Structures are given as structure tokens and as C-alpha cells.
Amino acid sequence: MDNLFLYKIIILYMLDRSDIYTLTGSQINDFIISRGYTNSFNVMESISELLDKEFISSTSIRNTTHYKITNTGEEALYYFENRLPNTIKQDILEFFKTEKIRLRNESQIYSDYYLNESGEYTVVFNIMERNYNVLKIELNVPVKSMAVEMCKNWSSRSTDIYSYIINKLDSSSKS
């Protein structure tokens, strides 16, 4: 079996098993390299070919690319999954089991900013669950450095901010 073919099946299998969140290129790369399956160049080449064939789709958020399996990719995996050794499948499932919270947080809690028409920066904060927005906040700030700092702090403070908003807006809670 062609090695690139194997890497593509690994990637499809990973994306198929991460059904409630996307995976970043870095997460895919780290898994494959840490297990000694191949090098970063082959991973990136495999991802590129999967994108070209529309077996996976990508979304860019800040400087991070998130990947998701497409219907075409699911069909391809259905036909070729049996060519993926069970030991690799077990490695992937164990990886998701031990890294589930970290992977989810990295993929589902994110922020971004852009320069808006008024010359200020709009910062967008998101918390997603099962591909639905649980919380989405947009704020305008006057300078880029402030937008960058707010984005940097979002992942570590998002849970507290979400809880604070819920508690302040829920009239049945005791505040």
C-alpha cells in the first residue's frame, strides 16, 4: 500500500471520529508525527491532496486551519477503512479518549479580529458545541494591540466569562 494513501486514510479516520468538533492541522500533524508514522511534509502533502479531491474541507480562523471530513470523504473512508490497520485505529481512538477535552477546547473555543469600516477592530469571540454557537460576542475596540490581547486571553477565560453572563442574565439565579 502506498504510504501517502495510508496517511490520507489516517487523516480521514481521525476527522470522521472527531464528529463533534474540527481538528487543526497542528493536531493532526502532532498525532501522526508523535506515533512515528511519518514526517510533517508527508502529512501536509496528504492534507493538500485530500483538500484537492474535496474529501475534507478547511476553515481558517486567525492563523489556524481547521479541517472537517466531507460527505465525499466519508464515502471514501467507508470503502477504504478496512485497509487501515487495527493498531492505528486503536491509537487514534486512544488519542481522542485521552486528549478529548484539550482537542475540543482548541477547536470549539476561539476568537478572531478584523479591521472594520469605521477604522476600529471588531473582535469576535466564540464558544461552540456540536457545531452550534453557544456564545458569540462581537466587540469593537480602538486599537489592534487591544484586539490581539483580547484574542490571546479568550481561550483561558471564556468559561468564566460565559458563566458570568449566564448568572447576570438569569433572573432565577442568586447574584
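## Salt bridges

Glu49 and Lys8 meet in a salt bridge, with their closest N and O atoms 2.4 Å apart, a salt bridge being a side-chain nitrogen of Lys or Arg within 4 Å of a carboxyl oxygen of Asp or Glu. The two partners belong to distant parts of the chain, since Glu49 sits in helix H3 and Lys8 in helix H1, 41 residues apart; helices (H or I, at least four residues) and strands (E, at least two) are DSSP runs, numbered from the N terminus. Glu49 is partly exposed, with a relative accessible area of 27%, where buried means under 20% relative accessible area, exposed over 50%, and partly exposed in between (1.4 Å probe, protein chains only). This is a predicted model, in which local features need pLDDT of at least 70 and side-chain atom pairs count only at pLDDT 80 or more, while totals for chains, interfaces and linings use all residues. Residues are numbered from 1 along each chain as its sequence is written, and side-chain values use heavy atoms, with hydrogens and water left out.

A search of the whole structure gives five salt bridges. Side chains of opposite charge can pair when their charged atoms come close. Glu81 and Arg17 form a salt bridge at 3.1 Å, N to O, and this pair again links distant parts of the chain, with Glu81 in the loop between H4 and H5 and Arg17 in helix H1, 64 residues apart. Both are partly exposed, Glu81 at a relative accessible area of 21% and Arg17 at 28%. Glu81 also forms a salt bridge with Lys89, with the closest N and O atoms 3.8 Å apart, and Lys89 counts as buried because its relative accessibility is 13%. Through shared partners, salt bridges join Asp16, Arg17, Glu81 and Lys89 into one network.

## Aromatic pairs

Rings of Phe, Tyr and Trp (its six-membered ring) are taken as a pair if their centres lie within 6.5 Å, with planes under 30 degrees apart counted as stacked, over 60 as edge-to-face and the rest as tilted. By this rule there are seven aromatic pairs. In one of them, the ring centres of Phe31 and Phe95 are 4.9 Å apart and the planes stand at 50°, so the pair is tilted. Phe31 lies in helix H2 (residues 25-34) and Phe95 in helix H5 (residues 86-108), so the pair ties together parts that are 64 residues apart in sequence.

Phe31 and Phe95 are both buried, and Phe95 forms a further tilted pair with Phe96, at 5.8 Å centre to centre and 50° between the planes. Phe95 has a relative accessibility of 8% and therefore counts as buried, and Phe96 is likewise buried, with a relative accessible area of 8%. Together with Tyr37, the residues Phe31, Phe95 and Phe96 form one aromatic cluster.

## Nonpolar cores

The largest nonpolar core has 27 residues, and those with the most contacts inside it are Ile10, Leu12, Met14, Leu15, Ile28 and Ile92; such a core is a set of buried Ala, Val, Leu, Ile, Met, Phe, Trp, Tyr and Cys residues joined through side-chain atoms within 4.5 Å. At least two residues of this core come from each of helix H1 (3-17), H2, helix H3 (40-52), strand E3 (64-69), H4 and H5, and H1 gives the most, with ten residues. In soluble globular proteins, nonpolar side chains tend to be buried together.

Leaving aside residues up to four places away in sequence, Met14 touches Leu23, Ile28, Phe31, Ile92, Phe95 and Phe96, a contact meaning heavy atoms within 4.5 Å. Another core lies apart from the largest one and has twelve residues, among them Ile109, Tyr121, Ile127 and Cys151.

## Tyr7 and its contacts

Tyr7 is found in helix H1 and counts as buried because its relative accessibility is 6%. Not counting residues up to four places away in sequence, Tyr7 touches Tyr37, Thr38, Asn42 and Ser46. The C-alpha atoms of Tyr7 and Tyr37 are separated by 8.1 Å, although the two residues are 30 residues apart along the chain.

## A nonpolar surface patch

Tyr78, Tyr79 and Phe80 make a nonpolar surface patch of about 400 Å². Patches are made of residues with over 30% relative accessible area and no salt bridge, with like charges joined within 9 Å and nonpolar side chains (Val, Leu, Ile, Met, Phe, Trp, Tyr) within 5 Å, and accessible areas come from the Shrake-Rupley method with a 1.4 Å probe, for which only the protein chains shown count as cover for residues. Phe80 is placed in helix H4 (residues 71-80) and is partly exposed, with a relative accessible area of 32%.
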